[in-house]
Amino acid sequence: MSEYRTEEDTLGPVKIPADALWGPQTERSRNNFPTGQYMPLAIIRALLNIKKAAAQANMETQAISEEKGNLIVKAIDELLALSDEELRKDFPLKVYQTGSGTQTNMNTNEVVAHKAHEINPDIEILPNDDVNKGQSSNDTFPTAMNVVALEALDKLKPAVQHLIDELKVKQEKYMKTVKVGRTHLQDAVPLTFGQELSGYVASLEHDLNYIKTLEPTLNELAIGGTAVGTGLNAAEGMPEKIAEKLSEVYGLNLTADSNKFYGLANHSGLDVVHGALKTLAADMFKLAQDIRFLASGPRAGYGELNIPANEPGSSIMPGKVNPTQAEAVTMAALRVFGNDTVVTMASSQGNFEMNVYKPVLIDAFLESADLMTGTIMGFADKMIHGMTVNEERMAELVDNSLMTVTALSPHIGYHDSAKIAQAADKAGSTLKEAALKSGKLTEEQYNEWMNMLKMTNVDRDK
């Protein structure tokens, strides 16, 4: 038997591996664009679901026979049942191809057609005329983009909430654990570690709300626009039926009630939602950075926190523990920052009726969502969950801080309080010693006014 078979497309004959389900357009793309990562399988599965919904809609509008439509649906169901590893075998195309995703759309059409032939060779199913009926790459690919972005957000949101929940456990536990505050990387007045954690919690709650507020813009689908947004060759009512069926499959509130010219030419929704992912990444960078600095040491750093030892920290220094989960988060955040530039630039490109940066745009978006989901879960489970406080070290740093002198300012004035702090620093003495030596207050007054927990206002009625 030959290792190849020959099929023809509009450009002529093409040799294709004999056991491949794809056709000539896929084979051309496979050879013409061999560079980069594979098209995400999430996009492939979304396109398959779109093709299935289109076949069902075409049957309902009598644009295709039930015989053909049901065979297309059966073929797609068999493909969707495959594992990712099995599915990848027949979807070999890369992200860096045509900017409309046409070759991946045709890869899907060809594979479905060949699978249908395997099931029933007596019914001819054509990639363009039947599987792609009433569609264009220009509206199916952006529809898939929005769907997979929403899928990715549905995985990310619980991860963010999980980290919030883990931080709240520590927030409550350490709400009255006093520590030194720091502003401008210099000593500041005290706060509690619980209060510090509450700031991180609030930032993540805001980030989660930004995502939830913005993501509904992705519910608008381009399907039905076909080539340039006019809907040429799509049966009346087909787009609405596809949106309805996809909503059922994904549990989303998708709609085809949208401007198709916008849907094909612009990806503003993906751009603005990725902006929320960038904001989340920025806040995660800050949080991870703070935690790893507060855990620095154990002898020569801040030493305020104890973090879990998940793996050996050094190939040469025995016993070293590194903040690896924090490092993973910060590296992921940098990638998201870079991806945001890709998404923004890709959203701005293309000409007239078509954005032609679709594959790289959605690949960057999905990478950002996946990176944030994974590293946030790891950070929550493998760092925050097992993190404890070194209360002795916190108390030591508060006791040695000169900025607690701020509590004296309402009683003896800013100028005299500053003199006391400067005197203590110069003499290397405690603040109390310098305060009493100044003659501006008694020891009894000092002890009353310098209540560290009271300074934090942690018990103030809200």
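Start with helix H3, where the buried residues are Gly69, Leu71, Ile72, Val73, Ala75, Ile76 and Leu79; buried here means under 20% relative accessible area, exposed means over 50%, and partly exposed is in between, with a 1.4 Å probe and protein chains only. This is a predicted model, so local features need pLDDT of at least 70 and side-chain atom pairs count only at pLDDT 80 or more, while totals for chains, interfaces and linings use all residues. Residues are numbered from 1 along each chain as its sequence is written, and side-chain values use heavy atoms, with hydrogens and water left out.

Back to H3. The helix covers residues 66–80, and its 15 residues reach 21 Å from first C-alpha to last, close to the 21 Å expected at 1.5 Å a residue. Helices (H or I, at least four residues) and strands (E, at least two) are DSSP runs numbered from the N terminus, and the expected span of a helix is 1.5 Å times one less than its number of residues. An α-helix has 3.6 residues a turn, so residues three or four places apart point the same way. The cover over the buried residues of H3 includes helix H2 (41–60), helix H4 (84–88), helix H5 (102–119) and helix H6 (127–131), where contact means heavy atoms within 4.5 Å.

Setting aside neighbours within four places in sequence, aspartate 130 is in contact with Ile64, Lys68, Ile72, Glu124 and Ile125.

H5 holds threonine 104, which is buried with a relative accessible area of 1%. Not counting residues up to four places away in sequence, threonine 104 touches Met39, Ile43, Ile44, Leu47, Leu93, Gln97 and Phe141. The C-alpha atoms of threonine 104 and serine 137 are separated by 8.5 Å, though these residues are 33 apart along the chain.

In H2 you'll find glutamate 60, partly exposed at 44%. Leaving aside neighbours within four places in sequence, glutamate 60 is in contact with Lys241 and Lys245. Follow the chain on into the loop between H2 and H3 and you come to glutamine 62. Glutamine 62 is not a glycine, yet has a positive phi of about 60 degrees; at 72% relative accessibility, this residue counts as exposed.

Now for helix H7 (137–173). H7 has 37 residues and reaches 54 Å from its first C-alpha to its last, close to the 54 Å expected at 1.5 Å a residue. Of those 37 residues, 26 are buried, so H7 is largely enclosed by the rest of the structure. Its N-terminal end is capped by serine 136, with a side-chain oxygen 2.9 Å from the backbone nitrogen of asparagine 138.

Rolling a probe the size of a water molecule over the atoms shows where empty space is left. A cavity is a set of points, on a 1 Å grid over the protein atoms alone, where a 1.4 Å probe fits but cannot get out; lining residues have an atom within 4 Å of a point. Grid points are joined across faces, edges and corners, and a volume is the space filled by probe spheres set on the points. The count comes to one cavity of 30 Å³ or more, and about 140 Å³ of space lies in the largest cavity. It is lined by 15 residues, and the closest to its centre are Asn146, Glu220, Tyr262, Gly263 and Asn266. The elements giving two or more residues to this lining are H7, helix H10 (260–265) and helix H11 (268–294).

H11 carries histidine 274, buried at 0% relative accessibility. The side chain of histidine 274 makes a polar contact of 2.7 Å with that of serine 368.

Note on methods. 1 Å grid on protein atoms, 1.4 Å probe; cavity = no way out; pocket = protein on both sides within 12 Å on 5 of 7 lines; lining within 4 Å. Polar contact = N/O pair within 3.5 Å; in protein donor to acceptor, adjacent residues only side chain to side chain.
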